[in-house]
Every structure is written in C-alpha cells, then in structure tokens.
Amino acid sequence: MKLPRRTFLHIAAGALASLSLPRIAIGQEVYPSRPIHVIVGFTAGAASDVTARILGDSMRPILGQQIIVEDRPGAGSSIAAEYVAHAAKDGYTLFVATLSIITNQIINPNPSFDLTRDLAPVALLASGAVVLVVNPEINVHSVAELIALAKSKPGQVLHATVMGSLPHLASELFAQRAGIKLMQVPYQGSPQTVTDVIAGRVMMTFSPASTVVGQIAAGKLMALATAANKRSSALPNVPTMAEAGIPDFDTSLWFGLLAPAGTPRPVMEQLADAAQKAIHAPEAVERLRKLGFDPLDAGPDKFADYIRSEVARWSAVARAAGLRS
C-alpha cells in the first residue's frame with residue numbers, strides 16, 4: 001500500500017526523533033515517555049529554583065520531554081524532600097538538593113524520611129558563592145568592622161537566614177571563627193532575607209550570589225566577602241573571607257539531583273548523563289556564571305561520596321554551634 005506523502009513524512013520524522021533520544025525500556029515503558037517533575041524546596045527566585053530552571057531548559061531537548069519545576073518551600077527544603085522520598089520510584093519525580101537537606105537531617109531529624117535511606121544521588125549540578133552582605137545604612141564596610149560591631153553589641157546583630165540552610169551554617173561558622181554571637185532571624189527563602197536586609201529590618205545575611213548581585217550593583221546592599229576559597233565570577237571585586245581575615249572559610253553552595261531510593265539504576269544513569277550534558281551545555285554555563293555558579297561533574301557514586309563528606313563536615317559545625325547534641 002502506498003502511503004500519502006504527508007503521512008509518510010510524519011512517520012519518518014517520528015522514527016528519526018525516537019532514534020536521536022537516549023531512551024531505555026523499563027518493563028513495557030520506554031523512559032522517559034511523559035513529563036519529568038523537578039521539585040525545589042525553596043521559593044521562586046531562590047538559588048535552587050533558578051538552577052532547576054536552567055537545568056530544565058537545557059535537559060528538555062536531551063530527554064525529549066518537558067521538565068516541570070515545582071516549588072514546595074518550607075522546613076528548609078524538608079517538605080520537598082519528603083514529597084520526593086515518597087514518590088513513585090520511576091524517574092519522573094526528582095528533587096533539587098542543596099546542603100540544606102543535609103543540615104536539616106543533622107539539626108532536625110525527620111522520622112518520616114531519611115536522606116540516605118529514602119533518596120538516591122543522581123548527579124551534582126553546580127556550585128556557587130555565598131556572599132556576606134549588610135544594609136549600607138549600618139555603616140559597616142568590612143568584615144573587621146562587622147566583627148567589631150557584633151562584639152560591641154553581643155547578640156544584637158540581627159542575621160536573616162533560612163534555618164538549616166548553608167547560609168545559616170555559614171553564619172554559625174563565621175560566628176565561631178570570629179568569636180561573636182549573632183541573633184538568627186528565620187525566613188522561608190533567601191529572597192525574603194534579602195528583602196528585609198534592604199528594608200533595614202535586619203542587619204545582615206549570608207546569601208547565594210544569584211540572589212544579591214543585582215542589589216549590590218544597585219547600591220542597596222554592601223557586600224563584605226564571599227564565603228568561599230576563591231572570588232566569585234559574578235562579584236570579582238568582593239574579597240574572599242580569607243582575604244578579609246577569616247582563613248580556611250569555604251562554604252560554597254552546591255546543587256544536586258536526587259531521586260527516590262529504589263529508582264532503577266538504568267534510569268538513574270540516564271538521568272545523570274542527561275543532567276551532566278545539560279548543565280555543561282554552553283548556554284547553561286553562560287547563565288550559571290552570570291549568577292556566580294560553576295557546573296560540577298559527578299554522577300551517582302561520586303555524589304554519594306560527596307554527601308557523606310558533607311554530613312561529616314557540617315555535623316561538626318552544628319555540634320560546635322549547639323545545634324545538635
């Protein structure tokens with residue numbers, strides 16, 4: 001039977017598309033065959049939300065499916081992590097993790113899910129600078145001046161933070177190293193902390209560079225230091241903590257992709273491969289670096305090792321800060 005030309009072209013195009021996509025068969029289903037949901041534990045505009053959207057835009061043509069980013073903020077990303085931990089183990093519901101999920105497990109163990117038991121590492125995505133910023137009206141122009149202010153007013157310097165997040169732990173580490181006491185004021189997401197620092201309701205915050213670069217450029221925030229071992233590409237004129245007088249202070253923010261534990265290994269490996277290709281795509285790298293982020297390269301096994309090292313590192317910081325027994 002001779003097919004009409006239009007029908008033939010549609011069939012041929014579909015066949016070529018299916019050959020170009022890196023899909024695998026799991027049971028009777030070819031993965032992925034429907035949209036993939038990526039769950040973020042913070043509010044829209046937060047660093048993890050921005051990273052997830054860059055990843056989704058870049059990963060969509062690789063997998064041939066829509067990547068839907070959903071924000072489920074609360075409890076330092078534990079609400080989102082718990083949702084994914086209890087999702088179907090089929091590769092269609094993923095979680096964008098940050099250090100927050102580790103520190104929350106350290107500080108506030110959640111009996112309804114366990115990070116290492118219920119979630120499986122897929123890939124590390126990117127890392128970025130955390131920046132110490134203050135309201136310009138408090139007339140502090142350096143880390144040394146901030147420390148002097150905090151020592152003159154013990155417990156009265158208000159630090160806006162998302163409890164259990166990397167910026168929170170960075171502030172605790174800073175207080176330990178500087179010999180000061182900060183008053184922690186809790187928020188749901190980094191955009192809200194920045195808003196209140198600008199408004200003068202609190203004095204300072206540690207924030208992902210992506211959240212503050214525009215406000216620093218506009219003069220609404222004063223950047224004192226980046227909490228990393230090298231200067232941020234987005235803020236090249238801002239000194240590191242070491243340059244500001246606090247040595248060995250590396251608290252770079254990182255983002256990684258997790259799936260429900262028990263997700264088939266072939267699916268995990270396909271997702272890891274797609275995520276790595278997507279995050280290293282030139283357009284994605286350009287967008288990340290404008291925000292002070294750099295792409296990372298680690299699949300399931302290396303990411304698992306990294307998580308274990310982060311648990312050990314930040315457990316010690318939390319213990320010293322009196323945040324765990």
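How much space lies in the second largest pocket? About 170 Å³. The model shown in these views is predicted.

**View 1. The second largest pocket is lined by residues that include Gly 155, Glu 172 and Ala 175.** Also in the lining are Gln 176, Ile 180, Lys 181, Leu 182, Met 183 and Gln 184. Ala 320 and Ala 321 complete the list. Two elements give two or more residues each: helix 7 (166-178) and strand 9 (183-186). Helix 7 provides the largest share, three residues. By class, the lining has six nonpolar, three polar and two charged residues.

**View 2. The largest pocket has a volume of about 290 Å³.** Its lining is made of 20 residues. Nearest the centre of this pocket lie Ser 127, Gly 128, Ala 228, Asp 250 and Ser 252. Strand 6, strand 12, strand 13 (293-298) and helix 12 (300-320) are the elements that give two or more residues to this lining. Sorted by class, the lining of the largest pocket holds seven nonpolar, seven polar and six charged residues.

**View 3. Strand 12 spans residues 253-260 and is mostly covered.** Eight of its eight residues are buried. Strand 12 also contributes to the lining of the largest pocket, with two or more residues.

**View 4. Strand 6 (residues 119-128) pairs with strand 12.** The two strands run antiparallel. Eight bridges join them. Strand 6, like strand 12, is among the elements that give two or more residues to the lining of the largest pocket.

**View 5. Strand 5 (residues 93-97) also pairs with strand 12.** Here three bridges join the strands. Their directions are antiparallel. Look for Phe 95, whose bridge partner in strand 12 is Leu 258.

**View 6. Gly 56 sits in helix 2, which covers residues 47-63.** Is Gly 56 buried or exposed? Gly 56 has a relative accessible area of 3%, so it counts as buried, the cut-off being under 20%. Val 69 can be located from here: its C-alpha atom and that of Gly 56 are separated by 7.4 Å. Along the chain, Gly 56 and Val 69 are 13 residues apart.

Conventions
Residues are numbered from 1 along each chain as its sequence is written. This is a predicted model: local features need pLDDT of at least 70, side-chain atom pairs count only at pLDDT 80 or more; totals for chains, interfaces and linings use all residues. Side-chain values use heavy atoms; hydrogens and water are left out. Buried means under 20% relative accessible area, exposed over 50%, partly exposed in between (1.4 Å probe, protein chains only). Helices (H or I, at least four residues) and strands (E, at least two) are DSSP runs, numbered from the N terminus. Two strands pair if DSSP finds at least two bridges between them. On a 1 Å grid over the protein atoms alone, a cavity is a set of points where a 1.4 Å probe fits but cannot get out, and a pocket is an open set with protein on both sides within 12 Å along at least five of seven lines; lining residues have an atom within 4 Å of a point. Grid points are joined across faces, edges and corners, and a volume is the space filled by probe spheres set on the points. Ala, Val, Leu, Ile, Met, Phe, Trp, Tyr, Cys and Pro count as nonpolar, Asp, Glu, Lys and Arg as charged, and the others, Gly among them, as polar.
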